[in-house]
Amino acid sequence: MTRNLEWKVGVELREEAGRTEAEARLDTGRATYTGHGTARCNPADRDVPAIGDELAASRAMKDLAGRLMQEADREMEAAGAGTVPRRTGPGYGWPEAVT
């Protein structure tokens, strides 16, 4: 069986007072998933908005990927298949900024 699908992810960014928030959305045609991410500029650093955009967007997409993986795990369990063991470890970026 051959299938071709295209899923598109949209990312919305909002920046205010050195803090960037991102929301990543995926519509699979069956369900919509949303991930969130934030970034903040250290007051001692030079404000470079593009860096905040990249950090917040990447964190939102990582959150979105985690939500999609949780759904896949639920569906595999419901179908009687085992799930892949989860690996735990540190996140990316500064711990206090990761949501």
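Start with the largest nonpolar core: select A22, A24, L26, Y33, A39, A56, A60 and L64, the eight residues that form it in this predicted model. Now colour β2 (19-27), β3 (32-40) and α1 (49-78), and you will find that each supplies at least two residues of this core. As background, nonpolar side chains tend to be buried together in soluble globular proteins.

Keep A39 selected and show its surroundings. Leaving aside residues up to four places away in sequence, A39 touches G18, R19, T20, G52, L55, A56 and R59.

Next, zoom out to the whole chain. There are three strands and one helix, and from the N terminus on the order is β-β-β-α.

Where do the strands meet? Select β1 (residues 9-16) together with β2: the two pair in the antiparallel sense, over eight bridges. Pick out E12 here, whose bridge partner in β2 is E23. Then move to the hairpin of β1 and β2, where two residues lie between the strands and A17 takes a positive phi near 50°.

Carry on to β2 and β3, which run antiparallel and are joined by nine bridges. Select R19 and you will see R40 of β3 standing opposite. The hairpin of β2 and β3 has four residues between the strands, and G29 takes a positive phi near 95° there.

Of its 99 residues, 19% count as buried.

Notes: Residues numbered from 1 in each chain as written. Predicted model: local features only at pLDDT ≥ 70, side-chain atom pairs only at ≥ 80, totals over all residues. Heavy atoms only, no water. Core = buried A, V, L, I, M, F, W, Y, C linked by side-chain atoms within 4.5 Å. Buried < 20%, exposed > 50% of the residue type's maximum accessible area, 1.4 Å probe, protein only. Contact = heavy atoms within 4.5 Å. Pairing = 2+ DSSP bridges.
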